[in-house]
Amino acid sequence: TAGNSDGEITIEAKGGKGKLRYFLFMDGKPINSNKELEKTVKNLKAGRYICSIVDESGCIKKLEIELK
């Protein structure tokens with residue numbers, strides 16, 4: 001809901017090599033101090049997020065997500 005921190009993002013990726021790690025950014029800043037995330041992140045405010053998914057070989061896939 002706009003103005004509240006009650007948003008949620010769930011990310012599930014397939015493929016890549018080995019374990020996948022998830023990082024989430026808002027306005028270019030990590031929302032988790034560059035620590036690996038769980039697949040579901042809660043208590044997010046409305047806005048534009050970038051999720052980076054990194055596999056064990058260092059391949060990165062970025063996804064833009066907008067919460068309204």
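Trainee: Which residues of strand β1 make up its covered face, and which its uncovered one?
Mentor: This is a predicted model, numbered from 1 along each chain as its sequence is written; local features need pLDDT of at least 70, side-chain atom pairs count only at pLDDT 80 or more, and totals for chains, interfaces and linings use all residues. Side-chain values rest on heavy atoms, with hydrogens and water left out. Strands are DSSP runs of E of at least two residues, numbered from the N terminus. In β1 (residues 7-10), the covered face holds G7 and I9, and the uncovered face E8 and T10.

Trainee: Which residue of β4 is the bridge partner of G7?
Mentor: Two strands pair if DSSP finds at least two bridges between them. Four bridges join β1 to β4 (residues 40-44), and the two run antiparallel. Within β4, the partner of G7 is L44.

Trainee: Which residues touch the most other members of the largest nonpolar core?
Mentor: A nonpolar core is a set of buried (under 20% relative accessible area; exposed is over 50%, partly exposed in between; 1.4 Å probe, protein chains only) Ala, Val, Leu, Ile, Met, Phe, Trp, Tyr and Cys residues joined through side-chain atoms within 4.5 Å. The largest core has 13 residues, and those that touch the most other members are I9, L24, L44, Y49 and C51.

Trainee: Which elements give two or more residues to this core?
Mentor: In soluble globular proteins, nonpolar side chains tend to be buried together. Here, the elements contributing two or more residues are β2 (21-26), β4, β5 (47-54) and β6 (60-67).

Trainee: Which strands stand at the edges of the open sheet?
Mentor: Four strands form this sheet in the order β3-β2-β5-β6, with antiparallel pairing. Two of them have a single partner strand each, so one side of each is left without a neighbour in the sheet; these are β3 (29-30) and β6.

Trainee: Is S52 buried or exposed?
Mentor: S52 lies in strand β5, and its contacts (heavy atoms within 4.5 Å) include Y22, F23 and K61. Its relative accessibility is 7%, so S52 counts as buried.

Trainee: Which backbone nitrogen does the side chain of D55 reach?
Mentor: D55 sits in the loop between β5 and β6. D55 is buried without a salt bridge, that is, a side-chain nitrogen of Lys or Arg within 4 Å of a carboxyl oxygen of Asp or Glu. The nearest side chain of opposite charge, R21, is 7.7 Å away. At 2.9 Å, the D55 side chain instead reaches the backbone nitrogen of C59.

Definitions and conventions. Lys, Arg positive; Asp, Glu negative; His and termini not counted. Polar contact = N/O pair within 3.5 Å; in protein donor to acceptor, adjacent residues only side chain to side chain. Lists of a residue's contacts leave out its neighbours within four places in sequence.
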